[in-house]
Amino acid sequence: QVQLVESGGGLVQAGGSLRLACAASGLTFSSLNMGWFRQAPGKERELVARISWGGSSTYADSVKGRFTISRDNAKNTVYLQMDSLKPEDTAVYLCAGRLKPGGTYDYWGQGTQVTVSS
């Protein structure tokens, strides 16, 4: 059974930092293309950052220069380092994995809440 479990969310003041982690089990993690999404109340889910199985990454314009996605295949874990956080970054953050680049995401975690206070 494939599982993605996020951790590291919490409450932080504007300008602060958080590091999210997503641990995968039940599959060959190194072959997965991973993404971090977020969903705020009343808003659509948006892709924040993604990283390919080979380590190439892309970011949403809203987080470029502030967030960094990385992966550790030995630990079956993908990370999202979030710096210079803003109140508008408040959302539930979810990790997801897909086997084919450009395809739909096959696997999803339950999400972790990030709240940034002003």
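Which residues have the most contacts inside the largest nonpolar core? Select M34, W36, F67, V78, L80, M82 and Y93: these have the most contacts inside that core, which has 27 residues. A nonpolar core is here a set of buried Ala, Val, Leu, Ile, Met, Phe, Trp, Tyr and Cys residues joined through side-chain atoms within 4.5 Å; buried means under 20% relative accessible area, exposed over 50%, and partly exposed in between, with a 1.4 Å probe and protein chains only.

This is a predicted model, in which local features need pLDDT of at least 70 and side-chain atom pairs count only at pLDDT 80 or more, whereas totals for chains, interfaces and linings use all residues. Residues are numbered from 1 along each chain as its sequence is written, and side-chain values use heavy atoms, with hydrogens and water left out.

Colour next the strands β3, β4 (33-39), β5 (46-51), β7 (67-72), β8 (77-82), β9 and β11 (112-117), each of which supplies at least two residues of the core. The most come from β3, which gives four residues. Strands (E, at least two residues) and helices (H or I, at least four) are DSSP runs numbered from the N terminus.

**The disulfide.** Now select C22 and C95, which are joined by a disulfide with an S to S distance of 1.9 Å; the term denotes a pair of cysteine sulfur atoms within 2.5 Å. C22 lies in β3 (residues 18-25) and C95 in β9 (residues 91-98), so the pair ties together parts that are 73 residues apart in sequence. The torsion about the S-S bond is about 45 degrees, so the disulfide is right-handed. Both cysteines are buried.

**Tyr and Arg side by side.** Centre the view on Y93, whose contacts beyond four places in sequence include L20, W36, R38, F67 and V114; contact means heavy atoms within 4.5 Å. Move to R38, which lies in strand β4 and is buried, with a relative accessible area of 6%. The R38 side chain makes a polar contact with the side chain of D89 (2.9 Å) and another with that of Y93 (2.9 Å). A polar contact is a pair of N or O atoms within 3.5 Å; within protein, one must be able to donate a hydrogen and the other to accept it, and residues adjacent in sequence count only if both atoms are side-chain atoms.

**The open sheet.** Finally, display the four strands in the order β1-β3-β8-β7, which form an open sheet with antiparallel pairing. The edge strands are β1 (3-7) and β7. Strands pair if DSSP finds at least two bridges between them; β7 and β8 have six. R71 stands opposite V78 in β8.
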